[in-house]
Amino acid sequence: MKKKRIVITGMGVVSCFGNDVEHFYSQLLAGKSGAKTITEFKCDDLPTRFAAIIQDFDPGDYLDKKQARRVDKYIAYTMVAGKKAVESAGLTHEAFEKLDKRKCGIIIGSGMGGMDVFVNGVQSLDQKGWRKVTPFFVPFIISNMGGALLGMDLGFMGPNYSISTACATANNSIIAAANHIRNGDANLMLCGGAEAALIRMGLTGFCACKALSERNEAPEQASRPWDQNRDGFLMGEGAGVIVLEELEHAQARGATILAEYLGGGVSCDAYHMTEPRGDGEGVALCIQNALDNASVTAEDVNYINAHATSTPLGDMAEVNALKMIFKHPEKIVMNGTKSMIGHSLGAAGGLEAVATVKAITTGMIHPTINLENPEPGINFNIPKEAMKYQVKVAISNSFGFGGHNATIVLAPYTP
């Protein structure tokens, strides 16, 4: 059977650069860092005291004010990014009403779920007793509730669940959503990831496993993928959601097509809880699976949005795996979005999918900042300033604790 073609028709973000996709990408093109010293909670006793934190988040009219005060922020981020993606796809008023909601679904995952609600619940239990624990405790900590509440608001009755594979979550969600369209379960899917782990407990957890940069004196220089002086990642948060649609469905409603989803691949390192597999076999398998699923070759790819977290082991492990697949790296442009927005964990792949689509639609590739002393032997073309570039086929990588790997393949839409 001929595979159904799947296109991207809308995008929504919640980020350290705000909730507008155009502004989000303009800040990336400008090489602006979202890193800031944290003032939202006490952290002066921690080795890392900065992050790409979202300040003054306002859900606007996308979430009921009373509900906005109750829900965990990861849910609020999901609702805002999801509804803005629907708007972006031109699904407002009559166009929205015409949708067959039974064939519209949502897969928006979260690596950590409702951490703030969980921590507050534990504190209420310890300090005030069980009767003071909110009745919303369980619903607002589970990682499926963001997509569930979004589905209730939109009336989407198709496939709706969450995936949680740490930092590979959003890419896994996008791949699963595309498969539902190809299988005929849905015509349209909202998919991506959301995360709101930037609280004292979340930051402490990553400090404890020594994953974060400690460049407190210069937060904007902390995230430096592939630089010899990198010392860990910059923690971020937010949400990235895209609208995937079966091509004929998008054409029938006159949708603006932004890009095409060609395929995706997954694998597991089966090696270590937090460290990447040194020989790169797991990541290479993932990328090859993605290319095979997309029916393209390594020679077709000319742009890579890398996972590139700025960790001592991870960055070059990814490069080594990439070089197992791409034999002429000098012909490929590669960048690291996390150099500016940090690592938003379960949301990372969603935000990077948006950045990849914007690279396709604008013909502009954003820089990787803070790359002053590159590791030897990278060989890929990594721009330090925004550059004009025609993307032919792009891949976007996401890898998570537990050895979870997920790669998506995107391209310009050609009729």
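These legends walk through a predicted model of one protein chain, beginning with the whole chain and moving on to several close-up views.

**Figure 1. The whole chain, to get your bearings.** Welcome to the overview: the secondary structure of the protein chain comes to 14 helices and 13 strands. With a radius of gyration of 20 Å, close to the 22 Å that the globule rule gives for 415 residues, the chain is as compact as a globular protein of that length. Its C-alpha trace spans about 60 × 55 × 40 Å along the principal axes. Buried residues account for 59% of the 415 residues. If we take contacts between residues at least 6 apart in sequence, 80% of them join residues at least 24 apart.

**Figure 2. F57 and Y77, an edge-to-face pair.** A search of the whole structure finds 6 aromatic pairs, and this view shows one of them, made by F57 and Y77. A pair of aromatic rings is described by the distance of the centres and the angle of the planes. Here the ring centres are 4.9 Å apart and the planes stand at 80°; because that angle is over 60 degrees, the pair counts as edge-to-face. F57 comes from the loop between β3 (50–51) and α2 (65–70), while Y77 belongs to helix α3 (residues 73–88), so the pair ties together parts that are 20 residues apart in sequence. Y77 has 0% relative accessibility and therefore counts as buried.

**Figure 3. F118 and F137, a tilted pair.** In this aromatic pair, the rings are 5.7 Å apart from centre to centre, with 35° between their planes, and the arrangement is tilted. F118 sits in helix α5 (residues 115–128) and F137 in helix α6 (residues 137–141), so the contact ties together parts 19 residues apart in sequence.

**Figure 4. A cluster of phenylalanines.** Look here for F206, F233 and F401, which form one aromatic cluster.

Figure 5. Phi of S295 is near 60°, a positive value in a residue other than glycine. You will find S295 in the loop between α11 (281–294) and β8 (303–305). At 60% relative accessibility, S295 counts as exposed. A308 is also a residue other than glycine with a positive phi, near 35°. A308 lies in the loop between β8 and α12 (314–325), and with 1% relative accessibility it counts as buried.

**Figure 6. E375 and the residues it touches.** E375 is found in the loop between β10 (364–365) and β11 (387–388). With a relative accessible area of 22%, E375 is partly exposed. Which residues does E375 touch, not counting residues up to four places away in sequence? They are W226, Q228, R230 and M316. E375 and M316 are 59 residues apart in sequence, and their C-alpha atoms are 8.0 Å apart in space.

Definitions and conventions. Residues are numbered from 1 along each chain as its sequence is written. This is a predicted model: local features need pLDDT of at least 70, side-chain atom pairs count only at pLDDT 80 or more; totals for chains, interfaces and linings use all residues. Side-chain values use heavy atoms; hydrogens and water are left out. Helices (H or I, at least four residues) and strands (E, at least two) are DSSP runs, numbered from the N terminus. The radius of gyration is taken over C-alpha atoms; the globule rule is 2.2 Å times the number of residues to the power 0.38. Buried means under 20% relative accessible area, exposed over 50%, partly exposed in between (1.4 Å probe, protein chains only). Contact means heavy atoms within 4.5 Å. Rings of Phe, Tyr and Trp (its six-membered ring) pair if their centres lie within 6.5 Å; planes under 30 degrees apart count as stacked, over 60 as edge-to-face and the rest as tilted.
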